[in-house]
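Trainee: Could you walk me through this model before I start on it?
Mentor: Gladly, let us look at it together.
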Amino acid sequence: SRLLNLDGWGIAVNQLPPIVPSEYEPSRKVAVVARERLMSAIIKSKGLYSAAIKLRYLGWEAFKRPQKRALAVGLYGGAYNWLHLLRELTSSGVTAIFLPNELDWAEKDIIGKQTQHHLTAELEKNGVFRSQFLWQGIDIYPLCAERVAYLLGDNVNKAINAYEQATEFLQKNNISALLTSVKVTATHHAVCLAAQRQNIPVLNWQHGSVGYYDHHTLEFTDLLTTDVFFAFGDSVCKFLEGKNEIFQTDLRPIGSISLDKIRNTSMANLRSSTVPRQLSRIRNIGKKICLYVTTNYCQNDWYAGYEPPQSDNMLYQTQFTIVTQLLKIHHLSLTVKLHPSPLNREPPWVNYLQKGNSLLIISGECTFTDLVWRADVIVIDWLSTTLLQAVATHKPVFAITKHLRLFPDALRMLERRVVCTNEPEELVKSLEEYLSTGIYPADVSNNAFLKAYGTYLDDGHTAERGVAEVLRAISNHRDSPGQHQQNDEERSR
């Protein structure tokens, strides 16, 4: 009865079913599907993924015979900003070695069902774990216990395998630091724990938006098994203060190299492709270009990790209103950038709208950053990483705030740079006024929000700070070889 009396039952959440490859491939462009299959094959290939990444970010220098190597660092999982640091690391005498992706799906039964049941029982005694299932005084663990047992049964063996293989790999390659950006599975943390047990520092670099809204499990993904967390800004560190002490994690405001690159990009050095060239032609016929970037539907693949709980139905209503209303504005061409993942359904309205000079719909053909500089105005409905990328430009930005609740101070800071509205109808009205008057209610040059949550000092020197912190972390751990044993004991207590 207490559950039924809680607010929020009127929200229809995540009603679109998930899809499988056999469903999405026929409807997608052949070139996009072929590229995704090629990328999947490269990622699963021993050595080929590392070579491809180094070629992409270092050019042919990646294949030069290295001089006597002083330090080697391991890159594991989604590397994000670390990839942009490869050149600077190499120049500093540091060689990056990619850990094999097979660690993520290693299969080998090590423990039996009886041991798994014992581990589940021990986990249920853990106060921190159990606290995650308490909500407004209600214990919902009984509703989740069967699923937790299933997840443990599937992941314990994989985690043990990953730990053992990572230990061998790190020792064999004499790794001095482990660099990560995405740690969301048990195997991810097992690999990082293997590094920590060998007194190898784990440096985790923030990979997306953090700090200006609540995220229920962020500390477990980003701070657990992390020695030093590289944050995009001071306000991110303030958001994590206190939580980092639980995991003995140092917080370092660094910035984001990828956002630095957007800040320093000009039309002159943009790469060309079919879609951006099409946008250039549209501009030449006298139309303003509005770039509307939207997020994906959850499709039962996510939980209430944010506030308010994510709702596919509400997102659909916002999308439909924005698209149909913007298409009515004369001399405006609308480009909609969908989430690129092939495992997410396209919005149902995509098949009902006529494409042409007034409407382009882009999925995985190019990235948001490929498009953003060619737009005259940007519209956003989910205030995540694309928001940081958008405000890193000097473009007018209009945003919907109701799908992700920002902290009051962060929202006030954002409103100095972005026109924020709660409802899509309000957004369209504000955008029409801007197009007719040329007066932008916010300030495109205000960088307070971007510095706080994205580029730190906004000086373009994130890469230099990143290299310095990597070398400092390695030096500190060599000077204190017993640090991880001490930290493990403190965590156990």
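Trainee: Where is T225 found?
Mentor: T225 sits in the loop between helix 10 (218–223) and strand 7 (228–231), where helices (H or I, at least four residues) and strands (E, at least two) are DSSP runs numbered from the N terminus. The model is predicted, so local features need pLDDT of at least 70 and side-chain atom pairs count only at pLDDT 80 or more, while totals for chains, interfaces and linings use all residues. Residues are numbered from 1 along each chain as its sequence is written, and side-chain values use heavy atoms, with hydrogens and water left out.
Trainee: And is T225 buried or exposed?
Mentor: T225 counts as buried because its relative accessibility is 9%; buried means under 20% relative accessible area, exposed over 50%, and partly exposed in between, with a 1.4 Å probe and protein chains only.
Trainee: What is phi of T225 near?
Mentor: Phi of T225 is near 55°, a positive value in a residue other than glycine. Most residues other than glycine have a negative phi, and most peptide bonds are trans. D458 also has a positive phi, of about 55°, and is not a glycine; D458 lies in the loop between helix 20 and helix 21 (462–479).
Trainee: New topic: which residues does a cis peptide bond join?
Mentor: That bond joins E307 and P308, with omega about -10°, and P308 has its place in the loop between strand 9 (288–293) and helix 15 (312–326).
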